[in-house]
Amino acid sequence: MSPRAWAGTEILLTFACDMNRKGKLYFRYGTMGSAKTALLLTTAYNFEERKMRYVCLKPVIDTRENSNVIRSRIGIERECKWIYHDSDLYEMARTLSEEAMAVIDWFLVDEAQFLTSAQVDQLARVVDDFGSNVICYGLRTDFQSHLFEGSRRLFEIADTIDEIKSTCTCGRKTIINARIDRDGNFVEEGEQVEIGGNDRYMAVCRKCWRNKRIEQSYRTTLPFIELSHD
């Protein structure tokens with residue numbers, strides 16, 4: 001760490017100690033369509049109304065937007081800072097706090113499943129060293145029901161974990177972010193990350209996901225034909 005960076009960190013640590021700040025790392029997860037982003041944006045609005053210092057962050061891997069904004073499906077949006085794959089979020093938080101001449105109260109992170117494990121650890125250091133609060137919003141698992149890297153690390157070290165629930169068409173709680181093709185069939189193979197909306201993904205419960213896969217398997221299996229010995 002450079003002398004300037006170390007001095008800046010010393011100042012921020014002094015701010016944190018003087019104010020007896022005790023931050024927390026939150027992970028709020030849900031399936032696609034569970035209004036995670038809308039909740040983040042509403043939270044940001046409330047912070048702004050109360051004159052609290054906050055910053056919105058978002059991994060640049062989500063390429064659905066050409067500009068650095070977080071946009072909800074219901075049409076609301078807010079400017080954010082991009083997170084790149086090699087971004088050091090501890091250094092980013094330190095720099096933003098130096099510029100503000102005060103510790104940032106809240107960091108709101110959208111699409112947190114796309115963070116690296118190292119970046120989640122960096123956010124934890126922001127909480128522990130500066131006393132900032134960090135709320136990460138994201139998916140738990142991919143279309144194959146496997147944990148994302150960022151989500152796994154958040155489950156391991158977050159102070160508070162909350163599920164944002166939504167309902168499958170059958171009435172059960174959604175768990176799986178099923179990837180679909182143009183015909184509405186579930187896709188079972190492919191890259192873990194493929195950005196898309198309602199045209200590419202459908203949030204379903206575990207039972208509907210399993211039944212649909214069984215149905216597709218039957219449709220693609222050739223019928224058994226018994227040969228006659230006459």
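Okay, ground rules. Residues count from 1 along each chain as its sequence is written, and side-chain values use heavy atoms, leaving out hydrogens and water. As the model is predicted, local features need pLDDT of at least 70 and side-chain atom pairs pLDDT 80 or more, while totals for chains, interfaces and linings use all residues.

So, the cores. By core I mean buried Ala, Val, Leu, Ile, Met, Phe, Trp, Tyr and Cys residues joined through side-chain atoms within 4.5 Å, with buried being under 20% relative accessible area (1.4 Å probe, protein chains only). The largest one has 27 residues, and L25, F107, V109, L115, V134 and C136 have the most contacts inside it. Who gives the most to this core? That's α4, with 6 residues. (Helices are DSSP runs of H or I, at least four residues, numbered from the N terminus.) Take V109: leaving aside residues up to four places away in sequence, V109 touches L40, L57, I83, L115, L123, V134, I135, C136 and Y137, with contact meaning heavy atoms within 4.5 Å. Another core, of 14 residues, lies apart, and W106 and I164 are among them.

On a 1 Å grid over protein atoms alone, a cavity is a set of points where a 1.4 Å probe fits but cannot get out, and lining residues have an atom within 4 Å of a point. Volume is the space filled by probe spheres on those points, joined across faces, edges and corners. We get 1 cavity of 30 Å³ or more. The largest cavity is about 80 Å³, and its lining includes Y29, R140, E163 and I164.

Key
Buried means under 20% relative accessible area, exposed over 50%, partly exposed in between (1.4 Å probe, protein chains only). Helices (H or I, at least four residues) and strands (E, at least two) are DSSP runs, numbered from the N terminus. On a 1 Å grid over the protein atoms alone, a cavity is a set of points where a 1.4 Å probe fits but cannot get out, and a pocket is an open set with protein on both sides within 12 Å along at least five of seven lines; lining residues have an atom within 4 Å of a point.
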